[in-house]
Every structure is written in C-alpha cells, then in structure tokens.
Amino acid sequence: MICSFIENQDIGFYKNIYKNYYCKKTILTFDNINVKFYVDNFEHAFYKNTDRKLLDKSLFSYDRANRIYWIKWVLENPKADLYIGYNSNTKNYDNSRRVAVCVDDYAVIISIDKKDKTKAKFITAYLANETNGKGDKAIDLIKKGPKWK
C-alpha cells in the first residue's frame, strides 16, 4: 500500500494536518518506538533552503508537504530500509538518529531518546533523491552509511 499524495496551495492546510494528525498523538513505529511530534518542528520538516550555504529554510516545500501522510506510513512500515543518521554538526554518524527510507527514496528521520530507546522525536522527512550543492544525491549518501541494527 502506498500512502496518499495530497495537493493544496494553503500552507495553513498542511500545518493543521501536522498539528492534528501528528502532534496530538504519538506514532508507534513497526518496532515499537513511540515517536513524538512537536509543532515548532513544522518549519524544519516542510521548508527548505533557498541556498544550501545559507541554511535559511525560507522556502515552503510542496514536494515535502504533499507527502505529509507518508511520514506515518514510513515509520510503521517494517519493509523500510533503516540507516544510522548522519549528524552534520558533529560530522559523524549518530546512533541516536535513525533514517527510514521507503518508496521513491522518501526518508524520515527520528532522534532516539538516549535514556529510553522506546521513545523518539520526529526530526524531518523529505525526498532524498534531490541533489545537494556538490551534486550528490542525499539518498546515495544515506545508503553509504551504516545500516541500523
């Protein structure tokens, strides 16, 4: 089963879905991790940089928003490919970050609680088949990383 793809021009429409569908409840992953969503993370998840060097997150991404329901589907999907996430601040792979990748190279990143491995926080979700400023596809970089165990 593939999840719904929706289209709407109103950013508030997507924000309401995020608040009501995600932030008011906890999503349980297929391997029993409770993922919590926070309203203040909406911009990080659904905006992108106009310039990769500026890291300004000023452009709303309809590509991301149109797949808003995919987040839950990927987290609950036991067939998702799982990788250890890369922390760009430390320039290392981080065992507390998990990347789940499913259909169309759609990636969902969560941060696992270091004290309670059954809890996590939603970080972001995006189509990982876009290229970065160096011409690398994010999906290729994800797949070069270590698998989640």
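Start by selecting Tyr18, Phe37, Phe46, Ile71 and Phe122: these have the most contacts inside the largest nonpolar core, which has 35 residues. (A nonpolar core here is a set of buried Ala, Val, Leu, Ile, Met, Phe, Trp, Tyr and Cys residues joined through side-chain atoms within 4.5 Å; buried means under 20% relative accessible area, exposed over 50%, partly exposed in between, with a 1.4 Å probe and protein chains only.) Now colour helix 1 (11-23), helix 2 (42-46), helix 4 (70-76), strand 6 (92-102), strand 7 (106-112) and strand 8 (119-127), since each supplies at least two residues of this core. Helices (H or I, at least four residues) and strands (E, at least two) are DSSP runs, numbered from the N terminus.

This is a predicted model, where local features need pLDDT of at least 70 and side-chain atom pairs count only at pLDDT 80 or more, while totals for chains, interfaces and linings use all residues. Residues are numbered from 1 along each chain as its sequence is written, and side-chain values use heavy atoms, leaving out hydrogens and water.

Next, zoom in on Phe37. Setting aside neighbours within four places in sequence, Phe37 is in contact (heavy atoms within 4.5 Å) with Tyr18, Tyr22, Cys23, Ile27, Ile71, Leu75 and Phe122. Then pick Ile109, Ile123, Ile139 and Ile142, which belong to a second, separate core of 10 residues.

Move to Asn77, in the loop between helix 4 and strand 5 (81-87). Asn77 is buried, at 11% relative accessible area. A polar atom of its side chain lies 2.7 Å from the backbone nitrogen of Lys79.

Last stop: Asp63, in helix 3 (residues 62-65). Asp63 is partly exposed, at 37% relative accessible area.

Note on methods: Polar contact = N/O pair within 3.5 Å; in protein donor to acceptor, adjacent residues only side chain to side chain.
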